[in-house]
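Q: Hi! Could you walk me through this model?
A: Happy to, let's have a look.

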Amino acid sequence: DPHAGMDHAGHHGAAPAARSAPAVALPEGAPLPALAPLANRSRQAGRFVGELVAAPARVGLAADGRSTEVWAYNGSLPGPLIEVYEGDTVEIDFVNRLPQPTTIHWHGLPVPAEQDGNPMDPVAPGERRRYRFTLPADSAGSYWYHPHPHGHTAEQVFRGLAGAFVVKSRRDPLGQLRDVPLLLSDLRLDEHAAIPPNTPADWMDGREGDYVLVNGALRPVLTLADGERVRLRVWNATSARVLRLALPGYETWRVGSDGGLIEAPRREAEIVLSPGERAEWVVTGRAQPGALVALPYRRGKMMSAEVDETLTLASLAPAARVASAPLPRRLRRIAPLPAPAVRRQIVLEENMADPKAMFTLNGRVYDMARADFVGRVGQVEEWEVVNRADMDHPFHLHGTQFQVLARHDGRGWRDEPYRAWRDVVSLPAGHAVRLRFVQALPGMRMFHCHILEHEEQGMMGQIDVRG
Ligand code: C2O
Ligand code: CU
Ligand code: CU
């Protein structure tokens, strides 16, 4: 029962508590680990066949040599990197060796609903299944995979189940750059170097760990030649932490979002990534060392409010000078979506008085037997998503990518500064967004807050897309 042990009192008006010091030291400062690639067992061009096994595993995280039980895909933390090309057919043989039902959800990918690891398609402990889908044209981007079983998603992710999924293009305007995936995840360890369950405060605010890991390592070092341009792909795979990322002193260009490249590079000194969100950055190395930092960010009124502190996530070490080609002026064309056939409003609320429905979407909690909306394949939908709650609730939709048109920040509507394909949008308290999308495939698609503790408690709905 995900609600077990929750204490609903004292959320509002509680004094912000400082984050407690980590109970266990982790080694830090090692070279940035590469994400281990998932082996392709197929010899056939255009076909990727891999195996993922979700199982408990013991790994060495603590500096003092004690091991920690995690739940991992193929024993790897984070999970193996799946790297494929647009147009590929992907087949993943999946085995569940966890003590709970699970699924694999292909976050952000346009896969058929019955292959998308929906809560209604659990894989029982000891069972296996094959996920199979074909990636359409123009789907290059940085996606990820994680469990989505009803009632166990948050726990399975904070125990370690999440991995990166990169779809590449054969005509990539940035294909000549070194591609550096950075998967950011959150870890909490107790004094026994074990991963503890959620506290009552976690069930309110969402769980934040004691350490933000980069590719599973604490404050690793990325070596970057002076003048070298690299493409950083960044995943916010934490359960609840909003990451406001910067590389002070470096020239940083935003080149991509959840669903791949944007139309043109944009000079952006900071990138705010909500839980579940991704970004691509092009960064040019310098002769001086630097750091990837997470700047202070407040997620609204919270029981355990964040400390106003800048967090160093990774260090950048300089190396001998190399020259890189200039950034292309155009990266991709993103056509605006036409006027919608349907408009809907989605209101996110908190009701602390009702422990069975604390985090709601249009006044209700998730019910897998209910379709909140009925839509049509190919039909343009425009959704106004309104956050009437006291804290951030990042909004995510399955099965497709959307375009955010405008944002209301509590004072007025403002058009989005540029077009991008996304599947998560940050939604601070009092904000609203207007977004448009088309679902290309039929089936049931979830939409929810990507703070996994809120999703678990029912801040989720579903749209039945009919063919
Ligand atoms: Cu990344 Cu429905 O989730
Ligand atoms: Cu998803
Ligand atoms: Cu939420």
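Q: Is Asn 362 buried, partly exposed or exposed, and why?
A: Asn 362 counts as partly exposed because 14 C-beta neighbours lie inside 10 Å. The cut-offs are 20 or more other C-beta atoms within 10 Å for buried, 12 or fewer for exposed, and partly exposed in between, with C-beta atoms placed from the backbone.

Q: What should I know about the model and its numbering?
A: This is a predicted model, in which local features need pLDDT of at least 70, side-chain atom pairs count only at pLDDT 80 or more, and totals for chains, interfaces and linings use all residues. Residues are numbered from 1 along each chain as its sequence is written, while chains are lettered from A and ligands numbered from 1 in the order in which they are written.

Q: Thanks! Back to Asn 362: where is it, and what is its phi?
A: Asn 362 sits in the loop between β22 and β23 (373–376), and its phi is near 50 degrees, a positive value in a residue other than glycine. Strands here are DSSP runs of E with at least two residues, helices are runs of H or I with at least four, and both are numbered from the N terminus. Most residues other than glycine have a negative phi, and most peptide bonds are trans.

Q: And what about Asn 74, where is that one?
A: Asn 74 lies in the loop between β2 and β3. Its phi is positive too, about 55 degrees, although Asn 74 is not a glycine. With 19 C-beta neighbours inside 10 Å, Asn 74 counts as partly exposed.

Q: Where is Pro 78, and which residue does a cis peptide bond join to it?
A: Pro 78 is in the loop between β2 and β3 (79–85). The cis bond joins Leu 77 and Pro 78, with omega about -5 degrees.

Q: New topic: which strands does β21 pair with?
A: Strand β21 (residues 342–350) runs parallel to β24 (residues 381–387), with seven bridges, and antiparallel to β22 (residues 359–361), with three bridges. Pairing takes at least two DSSP bridges between two strands. Gln 345 stands opposite Glu 384 in β24, and Glu 350 faces Phe 359 in β22.

Q: How is the chain divided into domains?
A: There are domain 1 (47–168), domain 2 (178–319) and domain 3 (342–466), with bounds from an automatic or database domain assignment. The centres of domain 1 and domain 2, taken over C-alpha atoms, are 21 Å apart.
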